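Have the structure open while you read.

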Amino acid sequence: MEPIVSVIVPVYNKEKYLNSCLESIVNQTMKDLEILLINDGSVDGSAGLCDEWAEKDSRIRVVHKQNEGAGCTRNKGLELARGRFISFVDADDYIDTGLYEIVTQKMGQAEVCYFGRNIVSDGKVLGHGIHLDGQRFYEGEEIRKDFIKFFLGNLPSNEYDRHFVTGSACCALYNRDFLKRNHITFPDRQIKYSEDLFFNLELCRYAQQIIVIPDMLYYNNVMRDSKSRKYAKDRFDVYKLIYEKLQEYVPVCVEREDAMERIRFRHVLYTCKCVKAEVRYRKTNGFFTAYKNIRKICRDALTKSILKQMIQPGFHSKRNMLLRCIYHRFALVIMFYYMKH
């Protein structure tokens with residue numbers, strides 16, 4: 001008999017956090033679970049901990065494999081999952097013990113149910129990832145017209161709006177038959193940093209009913225050695241790949257020009273992020289290396305063409321100045337400005 005929920009936990013060098021994560025899963029008020037621990041070639045004590053937990057709880061299955069990254073690891077879990085619903089939990093996070101009982105009761109015929117998350121550090125809640133008074137339903141073309149925008153990003157005119165849907169695959173419960181029928185998986189290793197984004201965008205192609213609930217059921221631990229906070233030499237190149245791949249979803253959207261503007265603005269924000277990272281890590285990488293990398297960003301033809309369309313008086317003043325400096329290739333001005341701020 002198939003379990004109600006398959007919980008997929010990718011594990012890579014999370015020995016410090018794994019016990020609290022698994023305690024929150026095995027102690028769920030809903031007991032009919034399948035827990036898949038996919039060890040992605042950990043070199044700390046994570047592999048041994050996975051095996052220890054499997055000995056203690058018959059619902060836990062462990063797979064050990066070579067390191068391939070989070071997307072491939074989750075895809076392995078999807079291949080093995082037998083539950084009616086699919087949940088993803090990162091090994092350094094934890095969940096409310098009532099999560100699966102609450103969400104399965106509200107799913108109905110929806111293909112996916114999104115819920116809120118708490119941002120935590122050392123057990124203290126720092127903030128929340130949802131702003132919603134009650135449940136919301138999206139059906140049919142409403143998903144392609146309105147809901148998909150939450151994943152594409154903001155417009156320049158509402159840059160600081162906070163969405164009530166997080167792009168994380170961990171803050172949702174998915175119907176497994178729906179995912180399998182439509183061949184929805186995580187992208188390959190080329191698309192780093194945004195695997196969850198494309199997973200959720202892909203389901204927007206096919207979903208006929210989506211529900212969003214305000215319940216804060218996931219605990220996202222931000223004080224950790226996350227790849228999103230590390231310096232990555234190839235980050236700007238990856239962001240350009242993300243821009244190109246996002247354009248594949250424009251035909252899915254009802255309002256296509258609106259979608260394109262959101263995608264362009266996302267790339268502008270990513271570009272700013274990369275420039276600031278170069279300045280921030282100049283002492284580690286060397287001043288000349290940082291200057292050379294910023295100059296490369298400034299000379300990028302794709303980014304320059306986007307900036308030409310996006311620079312306008314309505315931008316936040318500091319960012320507008322930065323964008324103009326990038327557009328006009330003032331790499332040294334950018335560096336000295338951020339060294340003083």
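1. Strands here are DSSP runs of E with at least two residues, helices are H or I runs of at least four, and both are numbered from the N terminus. Two strands count as paired if DSSP finds at least two bridges between them. Asn118 has His128 of β7 as its bridge partner. Two residues sit between the strands of the hairpin, and Asp122 takes a positive phi near 55° there.

2. Some housekeeping before going on. This is a predicted model, in which local features need pLDDT of at least 70 and side-chain atom pairs count only at pLDDT 80 or more, while totals for chains, interfaces and linings use all residues. Residues are numbered from 1 along each chain as its sequence is written, and side-chain values use heavy atoms, with hydrogens and water left out.

3. What else does β6 pair with? It runs parallel to β10, joined by eight bridges, with Cys113 opposite Ile211. It also pairs in the antiparallel sense with strand β9 (residues 172-175), over three bridges, and there Tyr114 stands opposite Ala172. Strand β6 (residues 112-121) is mostly covered, with nine of its 10 residues buried. Buried means under 20% relative accessible area, exposed over 50%, and partly exposed in between (1.4 Å probe, protein chains only).

4. Gln209 belongs to strand β10 (residues 209-221) and is buried at 18% relative accessible area. Leaving out residues up to four places away in sequence, Gln209 touches several residues, among them Met107, Ala110, Val112 and Tyr138; a contact means heavy atoms within 4.5 Å. A polar atom of the Gln209 side chain lies 3.2 Å from the backbone nitrogen of Ala110.

5. Now the charges. Side chains of opposite charge can pair when their charged atoms come close. The count comes to 21 salt bridges, where a salt bridge is a side-chain nitrogen of Lys or Arg within 4 Å of a carboxyl oxygen of Asp or Glu. Arg59 and Asp57 form one of them, with the closest N and O atoms 2.9 Å apart. Are these two buried or exposed? Arg59 counts as buried because its relative accessibility is 19%, and Asp57 is buried as well, at 13%.

6. Another salt bridge joins the side chains of Lys106 and Asp215 (3.3 Å, N to O). This pair links distant parts of the chain, with Lys106 in helix α4 (residues 99-107) and Asp215 in strand β10, 109 residues apart. Lys106 counts as partly exposed at 29% relative accessibility, and so does Asp215 at 21%.

7. Glu255 forms a salt bridge with Lys149, the closest N and O atoms being 2.7 Å apart. Glu255 lies in the loop between α9 (235-246) and α10 (256-280), and Lys149 in helix α6 (residues 149-152), so the pair ties together parts 106 residues apart in sequence. Glu255 is partly exposed at 30% relative accessibility, whereas Lys149 is buried at 15%. Shared partners join Lys145, Asp146, Lys149 and Glu255 into one network of salt bridges.

8. Last, a loop residue. Ser194 sits in the loop between α7 (176-181) and α8 (195-206). It is buried, with a relative accessible area of 5%, and it touches Ile242 and Tyr270, not counting residues up to four places away in sequence.

Technical notes. A polar contact is a pair of N or O atoms within 3.5 Å; within protein, one must be able to donate a hydrogen and the other to accept it, and residues adjacent in sequence count only if both atoms are side-chain atoms.
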